[in-house]
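Here are a few exercises to work through with the model open in your viewer. Try each task yourself before you read the solution.

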Amino acid sequence: MRDGAAPGTGSHRRPRDGTPITHATEANARKKKEFSSIDHVLARDLLWYLLRSVPPAFRHGPMLLASLVFVPFIASLIAALMPQDARNRESWLAAGVAVYGLVVVASLYPAISEGTVLREEFAWLPAQGLHFLLRMDGLAWVFILLVLAIGLLVVLYARYYMSPDDPVPRFFSFLLAFMGSMLGVVLSGNLVQLVVFWELTSLTSFLLIGYWHHRADARRGARMAFTVTATGGLCLLAGVLVLGHIVGSYDLDIVLAAGDLIRADDLYLTALVLIALGALTKSAQFPFHFWLPHAMAAPTPVSSYLHSATMVKAGVFLLVRLWPALSGTPEWTWIIAGAGVCTLLIGAFIAIFQHDLKGLLAYSTISHLGLITVLIGIGTPLAMVAAIFHILNHATFKASLFMAAGIIDHETGTRDMRILGGLRQKLPITATLAIVASAAMAGVPLLNGFLSKEMFFAETLHVGGDRNWWMSTAAIAMGMFSVAYSLRFISIFFGKPAGELPRDPHEPPRWMRFPVELLVLTCLVVGMVPAISIGPVLDLAVSASLREQTPHYDLATWHGWNLPLLMSVIALLGGIALYAVLRWRFNLRERTRAPLLSHFNGAQAYETAMQSLTRAAEWLLRRLGTAKLQPQLFLMMLALLTLPLLLAGAPPEWTILPLEGFDPLFAGVWLIGGACAIAGAWMAKYHRLTALVLVGGTGIVTAATFLWLSAPDLALTQLMVETVTTVLILLGLRWLPPRIEASELQLTVSRTVWIRRTLHMIVAVAGGLALAALTYAVLVHPASDTIADFFLYNALSGGGGSNVVNVLLVDFRSFDTLGEVTVLAIVALTVYALLRRFRPAPDSAEMPPQQRHAFDPASRQSPAEQADSGYLLVAGIYLRLLLPFMGVISVYFFMRGHNLPGGGFVAGLIFAVAILVQYMLAGATWVETHITLRPHRWLGFGLLLACATGLGAWAFGHPFLTTHTAHLDLPLLGELHMPSAFLFDLGVFAVVVGTTMLMLVALAHQSLRAHKKPGEQAADAGLPAANGGML
Amino acid sequence: MEIVIALAVGVMFGSGIWLILRPRTFQLITGLLLMSYAVNIFIFAMGRLSVDRPPITLSPAIDPAQFADPLPQGLVLTAIVIGFATTALYLVIMIGARGLTGSDHVDGKEPRE
């Protein structure tokens, strides 16, 4: 923790000299508590004393800020796991999270109001100077209050808004994750971390907009919002990196104190543009504003939370946050205020011509965000006060308006203002609330919107000075437009009642309306007694972001007769006149598009850009890609041959080692192995089974080689894998096309084919020779020092096992092994998933002719009959008797694995083979009625056990996957040493068993399925491929 | 020994290259099997060849020169198991493609010849 007051340099450049701003003097800056208004101080002190009663331990315990960010994420996980219809429990959970956050925020008020900056730091990438840093100052405090308070109201509202048919766990889970991300953005004290949370808000917002993913507009809106905001986020990341490069740190406190350094740097403009891109996309500023109206496809609670009160405010929040570091240059004003002015005019103008309630509110939000952006762009301290004030005001009235729109939609079944009318009679209370909130939006006196708009008018006057009135004209125009669209919004409550509505409207449930009531009440209270109500809160945010530049400002409803008031009056009267003209002269009610501006359609431009990107990618693919595999592989092999030759330097000097000698038996074994390989290659086209047997022969020779050359573990594994692979491919063979008959063989090949084969043969021979030469070259060179010695020395003493290979796998390199078994599990599940959709070719759907042959005694019996009473009875009973023995062998190889050849991989494969032979002999039906196998559970259990063993080390303060060897003295068995790696190996064992079983059984079940009659198959179509006993 | 291993790797790899350049899916899978044998032995051979010296250290005081290099062995062991998994995946894609397209050509359709 350290004091947040920046070094009192006071050297901030003022944007424009001569602007009549009352700056606080240096002395006043030190004593920030001095304010003119007595009410102001009273209210703040009252709050302060109330909160002093909170126990000090709770006021800022360790991890308090971290809990603010992480509790929503944890709750999000819990919410996701709740049942589909748990609307009430979900709401209580979400509300509980918000209330917890509010209590924490309230308890921190005394510390924050004293001007302290709370910091919590956790090591993240200390080597890179990056820390996970949470930081709370007044600005963050106010924003968190906003996020949590509106979040709480939205949760309450959503409880009634969401239909019982909607999958609520997903909704609340995403909403809570969004809340956590938003709090993360606000609390980040590290700029890179801020970007991470920033992108998380984009992601969760994408998920929430696309919540009703069966609707095309929801998917389109979600994609558009995500593309725009996430691209902006990437720009922001780049900008932040530039900023970090300039300052030399990503710590927000350091960056904020280095404003002069940043502004003087050559890279200032780059950083500013990139960061502005991030902020402007997020806050839907021109020309990126088009995504927000499309995001209205989200459920209304989402629109009211994300797209009015919080997420879109993240952009302006960032600008306020970085104001001390970046503002005060003409570039800042031009970029930020320029975008803001365009946005506020365009948004307000288009809003008038919307006929969708939410569409109108969306464009109005765009326009109000533009207003805030203009204020930030102006960048004077008083403008910043107005900006922060308007952020709060807009959140209040716009959230309530969205909720009101949602109620109307909920009750009438439509949001179309061309249909709606006269709702005042059916929904009197909602109508009153919406009218008051609309008045706040229009800037009617005695409501909060009026105050900040007045401040905005005042600022536009200052910018232009006495000569330039453009800014003020724009402001008045925007004010008129907003009065017009507010009138348009409330017009649905007046007039004659609508004829046919999809539903007969009633007042909504009590608690669905409550959030609206509370927000509208806030609008009224803030509008009438601002100094008491919002004063202390606003003061916190302002003094934290402006620091020693905090100006004197006066929150009062009446400032006397002045120019801003005149502007307000003009806007109000002009707006009413504009609405009247449009309504009665230009038939506003029936218009579908805005005049002039409908030609500049951002969404259309976006779609065009996306489409041309896709087309460009397709073009590139057509030009550079080929659908033919053979030429690709040929080129790849050619490259494999030639590139190393080009890259390699001169060969090293040849020193021939004392070789291991030449063993004729070994050479003989490989004569067979090599012959098998070549013959297999020769046979693979027309004699698949023969080729498989031959390749298997090479595999066996490979296993023998491992055994010969001091690698018993490898030999065992290779042997078992060979067995399992052969069975696997045998199961697959029957789905391939039938063998090509000799009569169809083309004995004369065309010239092109002959040339191609010759080329392939040349590459194959050259490749084989090259690898042979390379192998020989390596083998006759002495080995350089390797890390092998380390493993050999430490396996027994450090890993507690004498089989170095096994210790290597389950101890030294167990993280690798964990990754590997995860890959195994993923592959097994992929195989399983692919087979669920498998449909055989028509000509292999029938039982193969070999199995239908009349002379085969088996062809008249089902596999189960063969094993129980048929001609496989003897073999079947032998194998059943062998099963426990094979199980014991598997356990034996597992247990001794740490000290002698064996281990989880080998034992798992042996166990799988033991089950497999039962399948082969007795058939799937028999095995699955007698043994219950659940390969998915083996997989899951294995992965869990392996991870849990690794995590167990954390409990003792060691790094992940550290092993520990316990020595147990057991009666009868004697001393037993139990390394924790043993448990890890057990996990490996279970994953290997699960993987092998899942793949083989899923494949085997295809034959069962194909044998069913068409009717049965149709009934079974929805079920997983490998159904029956294994599931 | 060394010359035998080198030739063995060469023969298997050459056969593998020939096979993966063939047009039928089954040839491809056989080719991949042969190539994986070759590559596994190649990696294994990087620890040099040794006979009757398995890396099993029965006592703490040892001479590392008396043991085969355990590191390539550990790597190859995982490679064998992963190779099995990818073979299974390839096999399923092979039969799935045949069911979907009706052809066992690597391009999913019979060549026009």
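Predicted model: local features only at pLDDT ≥ 70, side-chain atom pairs only at ≥ 80, totals over all residues.

Residues are numbered from 1 along each chain as its sequence is written, chains are lettered from A and ligands numbered from 1 in the order in which they are written, and side-chain values use heavy atoms, with hydrogens and water left out.

**Exercise 1. Describe chain B on its own.**

Step 1: go through the elements. Chain B has three helices and zero strands; helices (H or I, at least four residues) and strands (E, at least two) are DSSP runs, numbered from the N terminus.

Step 2: check burial. Of the 113 residues in chain B, 67% are buried.

**Exercise 2. Find the salt bridge between B:Glu110 and B:Arg24, and say what it links.**

Step 1: set the rule. A salt bridge is a side-chain nitrogen of Lys or Arg within 4 Å of a carboxyl oxygen of Asp or Glu.

Step 2: check the distance. The closest N and O atoms of B:Glu110 and B:Arg24 are 3.1 Å apart.

Step 3: B:Glu110 sits in the segment after α3 (70-101) and B:Arg24 in the loop between α1 (2-20) and α2 (25-45) of chain B, so the pair links distant parts of the chain, 86 residues apart.

Step 4: compare their surroundings. B:Glu110 is partly exposed at 44% relative accessible area, while B:Arg24 is buried at 16%.

**Exercise 3. Work through two salt bridges in chain A.**

Step 1: take A:Arg415 and A:Asp356, which meet at 2.9 Å, N to O. A:Arg415 is in the loop between α20 (381-412) and α21 (423-426), and A:Asp356 in the loop between α18 (330-352) and α19 (357-378), so the pair ties together parts of chain A that are 59 residues apart in sequence. A:Arg415 is partly exposed, at 22%.

Step 2: move on to A:Glu507 and A:Arg513, with 2.8 Å from N to O. A:Glu507 is partly exposed at 23%, whereas A:Arg513 is buried at 9%.

Step 3: Over all chains, the count comes to 20 salt bridges.

**Exercise 4. How many residues of chain A are in contact with chain B, and what holds charge across the boundary?**

Step 1: count. With contact meaning heavy atoms within 4.5 Å, 110 residues of chain A touch 85 residues of chain B.

Step 2: get the area. The two chains bury about 8,800 Å² between them, 78% of it on carbon and sulfur atoms; buried area is the accessible area (1.4 Å probe) that two parts lose on being put together, summed over both.

Step 3: find the charged pair. Chains A and B share one salt bridge, formed by A:Arg688 and B:Asp104 with the closest N and O atoms 3.4 Å apart.

Step 4: locate the main contributor. Helix α34 (residues 751-779) gives the largest share of chain A's side, 16 residues.

Technical notes. Buried < 20%, exposed > 50% of the residue type's maximum accessible area, 1.4 Å probe, protein only.
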